[in-house]
Number of protein chains: 2
Amino acid sequence: MQFHQNGFHPGDPRYSDPQDAVVAPPIKRPMPKEVDVLIVGCGPAGLNMAAQLSQFGNISVAIVDQKDDRLLVGQADGIACRTIEMFQAYGFADQIIQEGYQVNEAAFWKPDADKPFEIARSGKVADVADDLSEMPHLIINQARVHDEFLKVMQQSAIKLEPHYQRKLLSLEVGDASAEYPVTVQLERMVNFSQYSQEIETVKAKYVIGCDGARSAVRSAIGKELVGDPLNQAWGVMDILLNTDFPDIRLKSLIHSNNEGNMLIIPREGGYMVRMYVELDKLKENERVARDQMTAEVLIAAGNRILAPYSIDVKQVAWWSVYEIGQRITTAFDDSTDDRAARVFLAGDACHTHSPKAGQGLNTSVMDTWNLGWKLAHVLTGRADESLLTTYSAERREYGQALIDFDRKFSAMFSAKPKSAENPDGVDPAEFQRYFQLFGEYTAGVSIQYRPSIMVSDGIHQELATGLTVGKRFHSAPVVRQGDAKPVQLGHCHTANGAYRVYAFAGNAAPFSADCGVKALCHFLAEDAASPVKKYTPAGAEMDSIIDVRAVFQQHHQEVNTADIPAALAPLKGTLGLRDYEKVFCADNRPVSSGGGKDIYEMRGINREHGCIVIVRPDQYVAEVLPLNDYAGLSQFFAGVLK
Amino acid sequence: MQFHQNGFHPGDPRYSDPQDAVVAPPIKRPMPKEVDVLIVGCGPAGLNMAAQLSQFGNISVAIVDQKDDRLLVGQADGIACRTIEMFQAYGFADQIIQEGYQVNEAAFWKPDADKPFEIARSGKVADVADDLSEMPHLIINQARVHDEFLKVMQQSAIKLEPHYQRKLLSLEVGDASAEYPVTVQLERMVNFSQYSQEIETVKAKYVIGCDGARSAVRSAIGKELVGDPLNQAWGVMDILLNTDFPDIRLKSLIHSNNEGNMLIIPREGGYMVRMYVELDKLKENERVARDQMTAEVLIAAGNRILAPYSIDVKQVAWWSVYEIGQRITTAFDDSTDDRAARVFLAGDACHTHSPKAGQGLNTSVMDTWNLGWKLAHVLTGRADESLLTTYSAERREYGQALIDFDRKFSAMFSAKPKSAENPDGVDPAEFQRYFQLFGEYTAGVSIQYRPSIMVSDGIHQELATGLTVGKRFHSAPVVRQGDAKPVQLGHCHTANGAYRVYAFAGNAAPFSADCGVKALCHFLAEDAASPVKKYTPAGAEMDSIIDVRAVFQQHHQEVNTADIPAALAPLKGTLGLRDYEKVFCADNRPVSSGGGKDIYEMRGINREHGCIVIVRPDQYVAEVLPLNDYAGLSQFFAGVLK
């Protein structure tokens with residue numbers, strides 16, 4: 001899609017009249033007096049939390065924000081592959097992919113060896129390695145991601161809409177045995193500053209603080225951000241421009257000799273570009289106080305860094321100065337030795353870091369992606385409250401790792417290029433290698449949660465070497481047996497809070513006497529120890545708690561529909577209709593037909609014996625088991641469901 | 001996507017509450033007194049016409065329908081690959097693909113050789129051949145396609161919305177020299193039958209009759225449908241069911257021995273199925289008068305045909321009886337020897353046929369896809385009125401060919417299977433072969449318009465053997481040079497009314513002295529004979545009339561952005577921003593990275609010399625020329641633009 005050629009306008013770019021794209025008044029509903037979950041903050045963390053909770057239908061939720069209305073212009077813009085995988089779970093990956101800029105290549109620039117005061121390209125590399133994810137690395141206005149979350153919330157059974165113009169006045173956690181132990185006072189406000197006298201009181205079972213780096217929720221529970229408060233200052237601007245810099249439509253990392261460094265991120269629509277300009281490297285006499293900084297100063301710095309190239313800026317859509325350090329909260333929740341948590345923090349309320357690796361929005365949504373289903377499981381009685389302790393355990397470690405990564409990446413990025421005068425500088429080739437090395441990290445797919453009640457120690461990992469226990473389920477192409485449709489197996493993982501059990505079959509004929517999947521299905525459907533029988537409440541869909549699916553290595557025409565057992569053919573909905581989408585086969589079609597990507601080979605599945613892969617509701621691999629390890633299967637679910 | 005498991009509900013399936021999915025009251029605006037184009041009928045032909053015209057911004061349009069509101073439940077459901085290619089031009093292919101059922105395989109069933117009163121599968125074939133189209137063959141409720149057209153119209157610069165509850169009372173074509181020669185009277189109505197006394201008069205430059213088989217517009221201009229008025233009667237039903245028939249999620253063509261024939265089309269959402277049951281084959285005592293037909297009769301017939309399998313119908317979402325013959329209108333417009341056309345017919349107003357090959361909706365949208373841009377070119381002064389004569393010439397021939405195809409296909413489908421007693425019957429294997437043979441036809445990609453002012457005689461066809469003059473531009477993967485993004489070249493063809501000129505380069509180094517593309521760009525930018533200079537009005541975007549793009553066979557990193565000439569780097573929009581999306585390269589990435597599909601090889605482009613391919617605004621190849629045939633290029637455009 002191409003847009004912004006007439007200047008930047010926020011909102012859905014499909015509208016010819018930009019005015020129509022932003023006029024979408026929210027339905028004004030009264031603030032509820034009691035809710036299961038109150039979410040404070042309509043940023044990515046809060047909206048993802050709300051979207052996730054809205055999928056259950058029987059959890060009451062309110063989400064509030066100080067803002068007057070939905071965001072129109074966002075600061076964050078980089079969407080990692082892993083985050084798009086999560087969007088897929090909500091069904092809006094396609095829409096975002098259509099609209100966003102796709103980062104396919106990164107260009108590296110360093111001082112020209114012959115003309116050290118001009119820059120020269122040192123190389124281009126693929127931004128995303130092959131088979132890192134089925135999803136691209138995207139750049140899109142954060143506000144458009146918000147719009148999609150809002151649509152998911154609005155289309156849900158609880159028809160959730162934010163309550164804007166609410167400022168948190170107080171938060172108190174009372175008697176833990178009360179039904180709604182947390183009491184929150186909110187003040188109605190307009191334009192952030194003109195306060196009305198209207199105070200609303202909301203009682204909640206849980207409160208989630210997604211209210212940013214200056215989180216009022218965090219203050220209310222007595223936690224704070226600790227770490228480096230400030231380090232390098234960077235200017236950032238979204239501009240519409242013409243330039244002779246040749247890589248303006250590629251992500252470009254530029255080290256100049258004396259003028260500082262710059263990061264160029266092309267934006268959605270084909271014309272807009274984001275530039276990050278290092279401000280500490282501005283020459284003494286060009287440094288200005290932050291409150292006197294102007295876009296013109298940033299543009300002038302950009303022109304010096306890019307020499308011999310130049311930029312002719314036609315419009316500045318947005319600009320700002322970042323002076324953000326790497327900090328992390330003293331705790332992710334308000335739990336004490338005596339009391340389980342009732343208040344959780346997520347997103348920037350927990351951790352701040354520099355924007356250059358594009359991790360902010362992604363880490364924020366991944367926080368609540370981790371917390372959302374756990375809270376839902378507790379609220380709907382599926383799991384014990386103790387499940388919630390894993391949120392802090394899993395996300396805190398990752399938050400710290402992110403900060404360590406960011407510190408190293410930022411330092412490297414800001415360092416002077418290595419040269420005769422600067423022997424301690426960074427070798428651009430080394431920086432490029434580091435960039436590639438950390439591709440998996442910045443794509444968001446490297447997270448590996450440690451063993452816990454919901455992550456096994458992986459003693460059977462060799463049965464599926466490419467589906468690492470603790471890491472996200474790495475999707476691969478398969479063919480759906482019922483309708484012969486080529487699909488991504490991972491796209492079964494909708495955001496409905498169910499665990500997935502994948503039964504990868506061994507090499508016996510599908511559903512023959514020797515077929516381990518057949519025996520497993522018999523266990524799941526008939527045995528008293530079957531976790532599906534044990535944990536699925538009466539009246540609930542058979543696949544709503546544990547969703548069982550099978551994968552075969554044979555061609556899809558070799559699996560007979562008549563042989564599929566009941567455990568793989570649940571009867572669904574009020575009409576009790578058979579679900580035909582539980583059985584898959586390796587994509588054995590010829591390469592010329594788009595096939596030839598065998599999931600057994602791609603993910604190292606043991607062909608002879610097959611295996612069971614248990615996947616958490618947030619798409620992380622919880623356990624790999626032998627196909628006949630029914631005890632192990634039962635034991636896993638005994639630890640996480642009740 | 002899975003839905004309908006709680007019964008069928010119309011509207012956007014993403015809403016949890018089906019009520020929300022259908023409540024979308026249209027903006028009520030007064031009927032304009034004068035319009036450039038009045039479209040009668042909000043079916044696929046009419047909505048596509050409206051959507052196409054809405055893209056220009058300076059054409060006034062009204063579209064009216066007798067219905068009270070937008071369609072919620074449609075009859076047509078099969079969307080051919082070619083039609084999805086057209087949806088892509090409007091930007092809504094992704095949305096429709098996400099929601100629809102994808103036809104990947106077809107199953108054929110015939111009487112069991114051993115048990116002749118039971119059916120047995122005779123084979124399965126791929127429904128769509130490799131590289132027939134980059135788009136799938138889809139099944140989706142026609143109403144959801146309408147919704148997308150309505151969205152395109154509403155998002156356009158003219159913010160077009162239908163005027164419902166309007167019945168055509170009269171249509172008169174007056175003095176052709178008047179600005180608005182056609183006068184139409186419309187009566188306001190409610191619920192199709194309760195007429196108000198309110199009569200509206202609209203004057204139009206052109207009227208398009210898209211008002212179906214009983215078209216009032218057609219009657220008003222004295223034309224009629226001729227051909228076989230009726231032939232076989234078929235019952236059709238959309239049902240939610242359980243069954244032991246194994247191919248229920250595949251398109252299945254079933255010939256029983258004595259109980260007649262059946263076509264099964266799985267529907268979107270994973271549960272619903274459409275069944276076409278042949279009624280003339282019902283046994284004497286089961287035949288019922290059409291007005292006494294019930295869904296139960298159809299279900300009983302279905303059960304007999306499917307023996308030994310059976311269906312357990314849980315809900316009938318919709319059913320009907322088809323008794324439609326193959327007929328074609330006596331003329332596609334109201335032109336006479338003395339007067340150019342002012343009224344055009346499209347869709348079912350022009351041609352009717354049986355529904356089984358799934359051609360109805362597709363042919364209808366392709367009618368107005370052919371007419372829309374031509375009318376826009378005439379109305380915006382780009383082309384002479386004589387251009388409009390090609391509509392009837394091109395679509396009439398295709399309409400007739402469709403009817404001939406339909407007659408043969410229907411007869412084959414309805415024939416008894418060949419057997420000892422029925423030596424004249426149809427051999428199921430032959431039917432299956434016919435089905436495969438005509439795959440290209442039913443996918444909508446076989447249409448080849450005859451030579452005319454806008455289709456050359458193809459004397460240089462050997463320069464691009466896979467881009468046949470007169471056929472639709474067959475897309476292939478390429479990598480966009482500016483941002484290294486893998487894209488489909490054909491997706492450049494948005495529905496904006498521009499001609500495309502593709503300059504496929506020969507094997508000289510990109511933009512070197514020997515590079516033919518460089519010379520062509522010089523001609524286009526500098527020469528007085530350049531059609532781009534000649535036909536682009538002052539103030540219009542440089543690529544709005546003729547959109548020039550280049551394709552190279554080298555790797556995309558071998559093309560230097562600095563070398564790209566002005567003809568391939570237009571300055572766009574009110575800010576004059578450079579467009580970086582005009583240059584492409586063959587996808588030379590390794591197969592493991594998703595590449596390896598070389599457009600030069602796939603489309604038979606001459607590697608040594610390259611070529612020019614001119615593509616019409618409706619995506620049909622108009623001309624193939626040598627890369628240096630500037631005279632041929634100028635000559636082509638002299639025939640179609642002014």
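These notebook entries record what I looked up in a predicted model.

**Ground rules.** I number residues from 1 along each chain as its sequence is written, and I letter chains from A and number ligands from 1 in the order in which they are written. In this predicted model local features need pLDDT of at least 70, side-chain atom pairs count only at pLDDT 80 or more, totals for chains, interfaces and linings use all residues, and side-chain values use heavy atoms, with hydrogens and water left out.

**Entry 1: domains of chain A.** I looked up how chain A is divided, with bounds from an automatic or database domain assignment. Chain A has domain 1 (18-100 + 140-227 + 328-401), domain 2 (108-128 + 229-324) and domain 3 (461-640). I then took domain 1 and domain 2 of chain A as a pair; their contact (heavy atoms within 4.5 Å) takes 15 residues from domain 1 and 13 residues from domain 2. Over C-alpha atoms, the centres of these two domains of chain A are 33 Å apart.

I next noted the buried area, which is the accessible area (1.4 Å probe) that two parts lose on being put together, summed over both. For domain 1 and domain 2 of chain A this is about 1200 Å², with 60% of it on carbon and sulfur atoms.

**Entry 2: charges between the two domains.** I counted two salt bridges between domain 1 and domain 2 of chain A. The rule asks for a side-chain nitrogen of Lys or Arg within 4 Å of a carboxyl oxygen of Asp or Glu. A:Arg274 and A:Asp77 form a salt bridge through their side chains, at 3.4 Å from N to O.

**Entry 3: B:Asp579.** I found B:Asp579 in the loop between β25 (577-578) and β26 (583-586) of chain B; strands here are DSSP runs (E, at least two residues), and helices are runs of H or I with at least four, numbered from the N terminus. Is B:Asp579 buried or exposed? B:Asp579 counts as buried because its relative accessibility is 1%, and buried means under 20% relative accessible area (1.4 Å probe, protein chains only). A polar atom of the B:Asp579 side chain lies 2.8 Å from the backbone nitrogen of B:Glu581. Beyond neighbours within four places in sequence, B:Asp579 touches residues including A:Gln2, A:Tyr271 and B:Lys572.

**Entry 4: helix α3 of chain B.** I checked α3 (residues 81-90) of chain B and found ten of its ten residues buried. Among them are B:Cys81, B:Arg82 and B:Tyr90. The cover over the buried residues includes α2 (44-54), β3 (78-79) and α8 (360-379) of chain B. After α3(B) comes B:Gly91, with a positive phi near 90 degrees.

Technical notes. Buried means under 20% relative accessible area, exposed over 50%, partly exposed in between (1.4 Å probe, protein chains only). A polar contact is a pair of N or O atoms within 3.5 Å; within protein, one must be able to donate a hydrogen and the other to accept it, and residues adjacent in sequence count only if both atoms are side-chain atoms.
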